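This report covers a two-chain model, chain by chain, and then turns to the contact between the chains. The sequence and structure come first.

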Amino acid sequence: MNEDARFEGEIRAMLGRRDPGAAPTHLGDTVTERMRRERERSRFTARSRRLVNAVAWLAAAIVLSVVVLGRPFELGLNPGASPAPSSLPTLVAGDGVTATVGPPLLQLLLAVGVVIGLGVLAARAARRIVGYAAVTAILAMIWVGSMIWASDALGDGGGAFGVDPHLERPAGFARGNFVRAEGDVEFRILVGVVNQSHLSLNLLGVAPDARGLPDPERLPRILGLGYLPDQDCCLPSHARPFSRMALGPGESVQLVVLGRAGRCASSTVEAGATLIESIPLVYEQLTLLHTADVVLPEPIAIVNDGVC
Amino acid sequence: MDGLNEAPAGAWRLGSVTETEASFERLVVDHLDRAYRLAAVILGSADDAEEAVSDAALLAWRSRKGLRDPDRFEAWFSRIVVNTCRDRLRSRRRRPVVEVFPTAPNEASEPGDFRELIHTRDELARAFELLSADDRITLVLRFWADLSIESIAERLGIPSGTVKSRLHHALARLRAGLRDPEVDQ
């Protein structure tokens, strides 16, 4: 026997002495139990992952459709506006006045849940493409959220602007578009508004007067909202009652705001004037309700007699 | 010498039965004995071997979809066991642990030189403990499991040439460790 063979023989013997023989009987039980627990855990994980995947894909599909198609989703919110006109109905008080806006807690919770779900999916996705899709969906949600969070989607549309009945600006007043009114008579403001955001929105109406005055009929106030069809520009008397309408990015509409001048209004006694500088319009974007104060190109002024 | 190339009866022809979880569990349990012995020889500790095999079985369960050919289960599972043992050995080196191995019983094959034989066995066992994880595993697969170079290459996932080279260097380091036990392997 040469040296190498003898050395290898010693190694074999040494290794043979390290061999403890058959495995202890409890090892099989331990392994079986661990695999059983793993099976149950993996089933639960698989179910959870399927659920998270479904939520994530749904959210991604929603975000993608919003971004790509730019269309809002109708969730059956009723703005309280009048039904669409059938035979040229006239604009009356109460038309187009919609509910006030509460904080979007439900949407916020839903968005946070979806983002967390997408984050979990991105971290634990077995396939890289799924992780990328989840991260993209998160970024898209953040991008969309940043666009719809502020109430700044509506602005002056630059169309026709005026008030009816109109009064020439009295001497002594530097600015204002004046209303000819004696007492609490109706007046109409013609103003164009535009959707200046990158997403579509639903214009729901005008917010009700929330000043809570003890004698509201004493002062000017907004009572309703109408609109002018495209072919009817620009006679306020042709206004139709407003109903919910969708405005795509960059689209505008000619609105008619119905108001009353208040008992103190006077076109002859020029003691002072009340100004209406903006119109509170309510709109919806991706289920979020906003009230946007659309600033008028020039304040609407109602002269008062200073006595009433 | 017991080796890994002995197949347990009835474990090699399960074919598509391994697609079911219960069958896979049975397959793992059927191979526990040889996996445990392999781990014990590599690690030199029965307790460590139990834990390593238990971990390896769990890893095998999690990655069972990677087993395309049930006939290759033994080689596939051995590879997982070997990898688990390698991780444990490397972890030991990071957290130095003093392992005490019992002196081998007298098994002198030739009358008259048993004292030298016992001395050599002790020194050999100590020198083996000083080897790197890869060297240990290669020697165990070659001289305890009696696997061919190609089979070792398959289990370790390396080319045959690398196995030959690793075997050569492992033997050289084992000899060096015997000559000078203070040499840090």
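## Chain B: contacts and make-up

In this predicted model, take the contacts of chain B between residues at least 6 apart in sequence: 65% of them join residues at least 24 apart. Chain B has eight helices and zero strands, so that from the N terminus on its elements read α-α-α-α-α-α-α-α. Its length is 185 residues, of which 34% count as buried.

## Helix α2 of chain B

Helix α2 of chain B covers residues 32–43, 12 residues in all. From its first C-alpha to its last it reaches 16 Å, close to the 16 Å expected at 1.5 Å a residue. After α2(B) comes B:Gly44, with a positive phi near 75 degrees.

Why is α2(B) described as largely enclosed by the rest of the structure? The reason is burial: 11 of its 12 residues are buried. Among them are B:Leu32, B:Leu38, B:Val41, B:Ile42 and B:Leu43. The buried set also includes two arginines, B:Arg34 and B:Arg37.

## The nonpolar cores

In soluble globular proteins, nonpolar side chains tend to be buried together. The largest nonpolar core here has 49 residues. Those touching the most other members are B:Ala35, B:Tyr36, B:Ala39, B:Val53, B:Val81, B:Cys85 and B:Val140. Helix α2(B) gives the most to this core, with nine residues. Domain 1 (1–100) and domain 2 (101–185) of chain B both contribute residues, and the core therefore lies between them.

B:Val140 has contacts in both chains: leaving aside neighbours within four places in sequence, its partners are A:Leu15, B:Val41, B:Ile42 and B:Ala145.

## Chain A

Chain A is made up of four helices and 12 strands. It has 308 residues, and buried residues make up 32% of them. Among its contacts between residues at least 6 apart in sequence, 80% join residues at least 24 apart.

A:Val253 lies in strand β10 (residues 252–260). Is A:Val253 buried or exposed? The cut-off for burial is 20 or more other C-beta atoms within 10 Å, and A:Val253 has 20 such atoms, so A:Val253 is buried. Not counting residues up to four places away in sequence, A:Val253 touches A:Val193, A:Leu203, A:Tyr227, A:Met245 and A:Leu247. The C-alpha atom of A:Val253 is also 7.8 Å from that of A:Leu228, a residue 25 places away along the chain.

## The contact between the chains

How many residues does each chain bring to the contact? Chain A brings 22 residues and chain B brings 31 residues. On the side of chain A that touches chain B, the elements giving two or more residues are α1 (3–18) and α2 (25–69) of chain A. By class, that side of chain A has nine nonpolar, four polar and nine charged residues.

## Confidence in chain A

The average pLDDT of chain A is 81, and 85% of the residues score at least 70. Over residues 72–86 of chain A, however, the pLDDT is below 50. This stretch has 35 contacts in the model beyond near neighbours in sequence. Where pLDDT is low, the predicted coordinates should not be read in detail.

Conventions: Residues numbered from 1 in each chain as written. Chains lettered and ligands numbered in written order. Contact = placed C-beta atoms within 7 Å. Nonpolar A, V, L, I, M, F, W, Y, C, P; charged D, E, K, R; others polar. Expected span 1.5 Å × (residues − 1). pLDDT = per-residue confidence, 0-100. Core = buried A, V, L, I, M, F, W, Y, C linked by C-beta atoms within 7 Å. Domains from an automatic or database assignment.
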